[in-house]
Amino acid sequence: MVDNFRAPVADWALESDAAYILSLSGCLETLTRYDETQGEIVPALATEWDQVSPTEWDFTLRDGVQFQDGTQLTAEAVVTSLQDVLDAEVPARAFSPAVVSGVEAVDERTVRVTTPEESPLVPYRLASVNTGVLAPAAFEGGTVDPFGHCTGPFTPVSEQPKQSLTLDRNEDYWGGPVQLAGAEVRFITDGATRATQVQTGEADVSLSIPVANLSALEADPGVEVLKAESPRTATLYMNNGRAPFDDVDFRRAVRSALDLDALAGSVYEGAALPSTGPFASSEPWAGEEAETPQQDVAAAKELLASAGYTAERPLEIIAIVERAEFADVATVIQENLESVGVPVTITTKEYAAVEPDLLSGDYDMVLSQRNRLIDIADPIGFLTADYTCEGSYNLSHFCDEDYDALIARAAGTADAEQRYELYAQAGQILEDEAVNVWLVNEQAIDAVRTDLQNYVQDPLSRYVLRAETTKSGS
């Protein structure tokens, strides 16, 4: 059994987060796959791909793949699945009409993806879980039905809405024998509960373990704690479109008031590193001069005066409950800000409940975390969706023409080093404008029972149940 921290909230629509559930459950597969160990795109349902013109990419499908309903994987089936994502009312950020103008079957084994402009990153987009492929029968009803319509090693057979998903082994999996007879994925938002269940043996794997539970799990001989660098940053989002956050000096004051080193050492107990900006310092696009902002109370007060700030109302921090540590993080930030004369209140909410207000700009500050490579395994997805003027996930409500121009150049730059330099320049604009306060770079932390064998940790939480995973004694 796997304990996961989120449940599907849009039925099983592939353009939604439901695709991540289907992927980590070993059901949904994509044409390409990002291999985190190699740091590159590798074959999956497609064996090869070629840029046949500046705006056209052809993907050759793997032979001998069939859906779990017994039908064959064909180019027409892939087009049906991808077109459903493109036609969605709210398309996936990695695969939307803004970046993909069309998909078509060239022949039975070849799928062509066309882009509005030249794009070197189409193979990365086809590795997004939102581009996972389901059989045509999955789209015949009013909602998407993945049951029996995937290609992966496990097939979903029953669901307890918002609670769990039960899966059986796919006896005809194209990738070879599947070792586990089946599995159950449970949707548990409370991190302490996830930790407890893997310790008691109720779960074999628990994802996103809170730091507060690490010492107990690490002392348990029946549990192995796996840690990996993650492109995930805990962030204090500030609503740049609403006073007082619409003043850059006020945002800089907030950043100067916070002690990120102390935060990483106390709440995160050293299991996260103080942030150096929107990227981790180890990433090739971070820039050579990235440093952790240091707390400077005097500078914060001067910036508040420069912004003309007066404490007319308490500002609200929303702490997302899916991350257990955020309540403590909010308390630390509250203390830091009140020490420079900025009163703060704290509210805790589930992310799904607060997202509409975040997107519409009806909030002050929110504590959340963002995986920079979750939409597409390249920063272009994060930098576009989160910070361009028309970005579909621009929670900060930030808009800057120079920034947008840099991102547009980067999106069409094939040379990786040149593209990374443009990302670094874009990141510097975000830092200079103090768009948000990037707090700490988190680790991916999974807890696994020691009798579970051949489990491979994926820092992006896309692949959890795999064909080779087995359990001793079963």
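Is A434 buried or exposed?

Reply: A434 is buried, with a relative accessible area of 0%. "Buried" means under 20% relative accessible area, "exposed" means over 50%, and "partly exposed" is in between (1.4 Å probe, protein chains only).

Before we go on, a word on where this comes from. This is a predicted model, in which local features need pLDDT of at least 70 and side-chain atom pairs count only at pLDDT 80 or more, while totals for chains, interfaces and linings use all residues. Residues are numbered from 1 along each chain as its sequence is written, and side-chain values use heavy atoms, with hydrogens and water left out.

Back to A434. It sits in the loop between α13 (416–432) and β17. Those labels are DSSP runs numbered from the N terminus: helices are H or I with at least four residues, and strands are E with at least two. A434 also has a positive phi of about 45°, although it is not a glycine. S208 is another non-glycine with a positive phi, this time about 55°. You'll find S208 in the loop between β11 and α5 (214–218), and S208 is buried too, at 12% relative accessible area.

Strand β12 (residues 223–238) runs antiparallel to β17, joined by 11 bridges. As a landmark in that pairing, look for A228 opposite A444. Strand β11 (residues 205–206) is also antiparallel to β17, with two bridges; here V205 is the bridge partner of V448. Then there's β13 (residues 273–274), which pairs with β17 in the antiparallel sense over two bridges, and its P274 partners V440.

While you're by β12, follow the chain into the loop between β12 and α6 (248–257), where P244 lies. A243 and P244 are joined by a cis peptide bond, with omega about 0°.

A nonpolar core is a set of buried Ala, Val, Leu, Ile, Met, Phe, Trp, Tyr and Cys residues joined through side-chain atoms within 4.5 Å. The largest one here has 86 residues, and L236 and L439 have the most contacts inside it. At least three of its residues come from each of domain 1 (17–154) and domain 2 (230–443), whose bounds come from an automatic or database domain assignment. Apart from this core lies another, of 61 residues, with V78, C150, V448 and L452 among them. In general, nonpolar side chains in soluble globular proteins tend to be buried together.

Contact means heavy atoms within 4.5 Å, and, not counting residues up to four places away in sequence, L236 touches V254, L258, I317, I333, M365, V366, L367, N436, V437 and L439.

One of those, I333, takes us to helix α9. This helix (residues 326–338) has 13 residues and reaches 18 Å from first C-alpha to last, close to the 18 Å expected at 1.5 Å a residue; the expected span is 1.5 Å times one less than the number of residues. Its buried residues are F326, V329, A330, I333, Q334, N336 and L337. Seen down the axis of α9, these fall within an arc of 165°, so they line one face of the helix (the arc is that of the directions from the helix axis to the C-beta atoms). An α-helix has 3.6 residues a turn, so residues three or four places apart point the same way.

I318 is buried, at 3% relative accessible area. Leaving aside neighbours within four places in sequence, I318 is in contact with T347, K349, V354, Y363, M365, V366 and L367. M365, V366 and L367 are on the list for L236 as well.

Zooming out, the centres of domain 1 and domain 2, taken over C-alpha atoms, are separated by 32 Å. Even so, 11 residues of domain 1 are in contact with 16 residues of domain 2.

Key
Two strands pair if DSSP finds at least two bridges between them.
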